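Here are a few exercises to work through with the model open beside you. Try each one before reading its solution.

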Amino acid sequence: MDPLASINPYISLKDGSQLGQVYEKLPAKSARFLRYKGTEKTPGSSESIIIFDFEIHEVATVKSQYSALSYTWGHPVLNDFKDDLSHTVICNGQRMPIGLNLHEALQHIYIESDITPSLFWVDAVCINQSDLAERAAQVTLMTSIYFNAANVVVWLGKDDEDAREAYALLSEYTPALREIVLDPLSATADGGIRAGAINLYDDEELHKRYNITTRSMDSWKSLVRFFSRRWFSRIWIVQEMVFNQSHLMCCGPLRFDWRDLDLFVSLVFGAQWHGLNFRGLERETQRIAYVFTFHREIRLTSTEYLDNDPHLGKLSPEQQLYEVAQGHLISSALLEATDPRDRVFAITAFVNSFATRVRIQPIWLKADYSLQTAEVMLRTAQVLLWKTRSLKMLSYVSDLSHRAESDLPSWMPHFHIPGAVAAVESLLDMHQGTKYHAGSLSIEVPTFADVYLHLDSPGQELEAQAFQLDTVEQVIRFESGGLLNLLAVCLELPLEYHNGQSPVEVLWRTLIAGRTDTAFPAPPETVSEFAKYVQSGLIGIALPALTAGDRDQLTKLIVLLNEIATRCPHPSVPTAAGFSNLLTAVMDDLDGCLRMLVRLHATLTYRTMITPTHAGQKGKALVRTRKGYLGLAPHSTEPGDEVWLLKGAKVFHVLRGTESSAEVAAAPRMLLGEAYVHGFMEGEALRLEGMSYSPVTIK
């Protein structure tokens with residue numbers, strides 16, 4: 001019995017002698033197809049049962065003579081739906097159980113519409129799901145099956161109110177988008193619209209110019225819910241759409257065009273999606289963006305676009321292949337798979353496709369459903385670490401507060417859990433994050449990792465050459481004490497940081513991980529945005545305290561400003577006297593103050609720069625080390641945790657030892673996650689006196 005039978009209901013139902021006789025053994029490179037024979041009425045019901053005969057063909061010999069179905073096995077909308085597979089079709093004279101969504105798809109295709117392909121391929125029926133060897137062989141053949149199909153019939157599920165509203169919105173807005181795209185995208189003098197700045201929600205001028213009506217927020221939320229149908233987030237649909245460009249997308253009687261959907265998401269969602277208030281749907285909007293971005297990424301890897309990628313240009317063809325494979329594994333992290341092993345197996349076709357481009361024979365795990373999930377993940381990690389000679393993978397380990405219990409070692413990201421990796425929000429994925437090179441003296445000449453995996457040991461430890469930079473002494477979490485606690489750390493830093501910067505400058509640069517959206521290191525003028533951030537934050541603290549008569553909070557604020565002004569004054573942090581004057585002016589004009597705060601909140605770019613402290617499951621914590629270094633570390637970091645530079649890494653990593661590791665340097669440690677250490681992200685640690693690598697083991 002397959003250990004994953006509980007999530008693949010077709011396994012147990014098809015593991016019977018009567019169905020075993022229906023499934024003849026498949027020759028190599030061949031697949032079963034459904035030949036439509038008609039319908040028959042179900043006694044006592046208005047429904048008709050669809051009748052098929054199985055036909056076995058070598059896939060290449062029936063090119064363009066059949067259609068293939070793309071759908072989701074579970075409910076098209078609900079995530080917790082339990083399908084009892086109470087519906088049936090007849091194949092070779094035998095009644096065969098199928099799920100609700102497949103039943104509704106076949107009813108629509110053969111009874112309610114004129115689609116009716118004479119020869120059809122449907123994975124749940126055409127593959128003997130109880131035969132592990134056949135499942136693996138057919139997964140390997142999947143690319144060929146979809147590539148050779150005349151078209152792919154996409155079934156999104158039955159239509160509902162959300163789907164109909166989404167259809168109406170897209171039908172009106174998509175033609176307007178095509179007109180907008182034809183405008184001079186870079187022009188501004190004559191009113192041309194910049195790419196990535198299309199506000200279809202409430203831009204009245206845009207609506208008037210292109211003759212489109214304003215849609216309510218409820219209408220936009222319907223669109224989000226439509227895009228949240230489970231089909232869109234299935235990992236297998238990527239190859240089903242990429243390897244065949246002829247799609248018929250059905251949502252009940254509604255028809256959609258994938259190119260229109262992709263155009264809409266790329267131009268509208270990315271431009272002002274986060275400006276809309278989708279309370280309760282934030283995860284869905286994030287997934288929508290990820291899904292369509294991943295599709296585009298896959299398509300680009302099959303073109304010459306990556307030939308101009310500056311990072312890949314520094315790598316050998318073999319390293320390029322596995323860097324791309326690793327990218328696919330990370331980028332697909334929000335997509336779903338009924339079987340977690342398919343997170344690896346589903347990207348095999350794309351790995352092979354890129355391998356053909358760079359003329360490399362790939363080493364990649366073939367679909368093998370006799371392997372346990374942990375083994376699939378570890379073998380894949382072994383290949384990627386070995387071939388990329390990069391430690392990028394370690395940046396996607398979840399924070400301990402959100403790390404699911406697992407047999408996997410702490411250094412292994414949970415690729416098998418939907419959303420676990422995507423929720424990490426790595427430093428490397430931020431704007432300018434690719435410019436970090438903590439483990440190399442130059443970004444142009446990268447140092448490669450030196451690791452060894454002990455996959456034959458019970459703990460599957462990773463052994464790396466590493467240098468311990470320091471030990472964490474203080475942890476300041478953003479949600480605990482807010483701005484005042486962040487400013488207070490300036491009183492604990494050296495008056496002159498190791499790179500000559502003042503405590504306040506070290507703080508404002510560290511909070512944004514040293515970069516802006518357009519530059520690394522952050523340009524000096526960024527401090528003006530920090531000053532606005534401090535000013536609005538202090539007012540936001542003082543006004544409620546005054547209203548509530550909280551003298552302790554006010555005293556704490558004034559004392560802190562006095563201490564900073566005395567020890568490490570900086571123009572971005574007001575003195576106590578200066579802030580008192582500002583507060584007096586505010587109290588004299590509360591309405592003006594509120595308008596100012598609203599304006600600051602809307603225009604304050606520093607607030608968007610401090611992404612590392614807010615993004616991800618918990619956001620990064622601000623940490624100070626024993627030697628006075630300041631950085632950003634995983635939220636679960638505690639005093640006593642160690643900051644390490646692993647050879648070849650672009651960022652630092654925080655490790656947690658045990659009582660034994662305090663006494664024995666070689667004792668295994670746990671990986672908490674990646675870290676930013678200010679003043680050390682461009683190879684500075686490599687120049688420290690006495691710096692040398694030694695082995696460290698991560699369990």
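This is a predicted model: local features need pLDDT of at least 70, side-chain atom pairs count only at pLDDT 80 or more; totals for chains, interfaces and linings use all residues.

**Exercise 1.** Work out how helix H12 and helix H14 pack, and which residues make the contact.

*Solution.* Start with the geometry. H12 covers residues 317-331 and H14 covers residues 348-358; they pack at an angle of about 160°, with axes 10 Å apart. Angles over 145 degrees count as roughly antiparallel, so H12 is roughly antiparallel to H14. Next, the handedness: the crossing is right-handed. H12 brings Pro-317, Gln-320, Leu-321, Val-324, Ala-325 and His-328, while H14 brings Phe-350, Val-351, Phe-354, Ala-355 and Val-358. Sort them by class and you get nine nonpolar, two polar and no charged residues.

**Exercise 2.** Is Trp-231 buried or exposed, and which residues is Trp-231 in contact with beyond its sequence neighbours?

*Solution.* First find Trp-231 in the loop between helix H8 (217-227) and helix H9 (237-242). Its relative accessible area is 0%, and buried means under 20%, so Trp-231 is buried. Then look around: leaving aside neighbours within four places in sequence, its contacts include Ser-70, Tyr-71, Trp-155, Met-241 and Trp-258. Leu-156 is also one of the contacts; Trp-231 and Leu-156 are 75 residues apart in sequence, yet 6.1 Å apart in space, C-alpha to C-alpha.

Note on methods: Residues are numbered from 1 along each chain as its sequence is written. Side-chain values use heavy atoms; hydrogens and water are left out. Axes are lines fitted to C-alpha atoms, for helices over the stretch in contact, and angles run from 0 to 180 degrees between N-to-C directions. Helices (H or I, at least four residues) and strands (E, at least two) are DSSP runs, numbered from the N terminus. Angles under 35 degrees count as roughly parallel, over 145 as roughly antiparallel, 65 to 115 as roughly perpendicular and the rest as oblique. A crossing is left-handed if the near helix is turned anticlockwise from the far one by less than a right angle, and right-handed if clockwise. Contact means heavy atoms within 4.5 Å. Ala, Val, Leu, Ile, Met, Phe, Trp, Tyr, Cys and Pro count as nonpolar, Asp, Glu, Lys and Arg as charged, and the others, Gly among them, as polar. Buried means under 20% relative accessible area, exposed over 50%, partly exposed in between (1.4 Å probe, protein chains only).
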